[in-house]
Amino acid sequence: MSAKAMEVIKQEVEGNPIVLYMKGTPDFPQCGFSARSAEAIKACGVPFKAVNVFDDEEIYRQGVKIYSNWPTIPQLFVNGELVGGSDIVIDLFQSGELKPMLQKAAGQEPANG
């Protein structure tokens with residue numbers, strides 16, 4: 001993996017409070033896991049950067065897995081830290097933990113309930 005790829009991912013992860021690396025886009029996901037992750041984040045009502053890993057195979061499809069040391073896509077990063085993949089995102093959403101985490105990262109006051 002190139003140093004350029006690592007730098008691109010590092011800049012995205014550190015330069016955006018919420019980044020989802022996914023297959024496809026939030027409006028046109030290309031896998032069920034990516035679709036569910038994007039829907040959970042959208043349901044939280046916060047802006048986020050979505051990166052289609054198919055846009056650049058070297059940088060994203062393989063590079064993000066190396067960067068994060070996480071084997072699967074999608075991957076959610078919040079405030080520069082890997083939160084996890086689809087199962088973790090869905091678990092956090094269902095437990096009610098995802099929304100306040102994302103609202104805080106986005107600079108919003110978490111709403112009660």
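Analyst: Helices (H or I, at least four residues) and strands (E, at least two) are DSSP runs, numbered from the N terminus. Residues are numbered from 1 along each chain as its sequence is written, and side-chain values use heavy atoms, with hydrogens and water left out. The model is predicted: local features need pLDDT of at least 70, side-chain atom pairs count only at pLDDT 80 or more, and totals for chains, interfaces and linings use all residues.

A pair of aromatic rings is described by the distance of the centres and the angle of the planes. Rings of Phe, Tyr and Trp (its six-membered ring) pair if their centres lie within 6.5 Å; planes under 30 degrees apart count as stacked, over 60 as edge-to-face and the rest as tilted.

The structure holds three aromatic pairs. In one of them, the ring centres of Tyr-21 and Tyr-60 are 5.9 Å apart and the planes are at 40 degrees, so this pair is tilted. Tyr-21 is in strand 1 (residues 18-22) and Tyr-60 in helix 3 (residues 57-68), so the pair links distant parts of the chain, 39 residues apart. Both Tyr-21 and Tyr-60 are buried, where buried means under 20% relative accessible area, exposed over 50%, and partly exposed in between (1.4 Å probe, protein chains only).

Tyr-21 also pairs with Phe-77: the centres are 5.8 Å apart and the planes stand at 85 degrees, which makes the pair edge-to-face. Phe-77 lies in strand 3 (residues 75-78), 56 residues from Tyr-21, and this pair too links distant parts of the chain. Phe-77 is buried, as is Tyr-21. Tyr-21, Tyr-60, Tyr-67 and Phe-77 together form one aromatic cluster.

Helix 3 also holds a charged pair. Arg-61 and Glu-57 meet through their side chains in a salt bridge (3.7 Å, N to O); a salt bridge is a side-chain nitrogen of Lys or Arg within 4 Å of a carboxyl oxygen of Asp or Glu. Because Arg-61 and Glu-57 are four residues apart in helix 3, about one helical turn separates them. Arg-61 is partly exposed at 25% relative accessibility, and Glu-57 is partly exposed at 41%.
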